Amino acid sequence: MSRIHLDISCDECGWNNFSGIRYACLVCEQYDLCEMCYCQRCSGQQHVAYHPMQAIFPKYPLFQDDREVAKDDLRLCCPYCGEKDLRVHEMFQHCQRFHSSDTIPVRCPICLMDEDRNRNLLQTSLLEHMLTRHKEYEHHAQDCTICMEPMVTTSNIEKLQCGHPFHSGCISNWLQNNDNCPLCRAPVRNRGKFIDDDEFLPM
């Protein structure tokens, strides 16, 4: 594994292809710091020290052959509130619960882990972007995103037309006052059908 951040420069000291941990600002366009400058709490013309920053190790193996193992170890920082140590599926849940209406331009911490993906500020909300670009990680934990509890084999599960599953009691309560999916906001015209429990893994 490479131990440098290839073609990445520290925006404070100018160190190119630096080693160690890279800290990418999640609210500034293309702003990155080396580990030393981050520890010194350096600031730029637009960047300030309290901005949420994603820690990135050189060549993080999330998108390599060991994808399934690496994604469990990945820890993300929320670009909106700065909460750290979120797993990928927890970032989905966190944004749905606390930032579903936030539209402030931010950088996607998942994309920043891979050099071939978008490193610029998003043109959409982070939640909308993740549902489009990183949907494969959405239900890794199989948690109901309304109550945040696991959907185990003994649970009654209901899936909406958009494909998102929830506890039937949770989604029933939700649809009494709403006419859309609580996760992607797709309109719900008719109630979805209950799906087989064996689609969900036991705890």
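1. Cys39 has a relative accessibility of 58% and therefore counts as exposed, where exposed means over 50% relative accessible area, buried under 20% and partly exposed in between, with a 1.4 Å probe and protein chains only. This is a predicted model, in which local features need pLDDT of at least 70 and side-chain atom pairs count only at pLDDT 80 or more, while totals for chains, interfaces and linings use all residues. Residues are numbered from 1 along each chain as its sequence is written, and side-chain values use heavy atoms, with hydrogens and water left out.

2. The structure holds zero disulfides, a disulfide being a pair of cysteine sulfur atoms within 2.5 Å. Cys25 is in no disulfide, and the nearest cysteine sulfur, that of Cys28, is 3.5 Å away; Cys25 is buried, with a relative accessible area of 0%. For Cys39, the closest cysteine sulfur is that of Cys34, at 8.7 Å, which is too far for a bond.

3. Arg22 lies in strand β1, residues 22-25 (strands are DSSP runs of E, at least two residues, and helices runs of H or I, at least four, numbered from the N terminus). Although an arginine, Arg22 is buried, at 4% relative accessible area, and its side chain makes a polar contact of 2.8 Å with that of Asp32 (N or O atoms within 3.5 Å; within protein, one must be able to donate a hydrogen and the other to accept it, and residues adjacent in sequence count only if both atoms are side-chain atoms).

4. Helix α3, residues 88-98, has eight of its eleven residues buried, so the helix is largely enclosed by the rest of the structure. Among the buried residues of α3 are Met91, Phe92 and Cys95.
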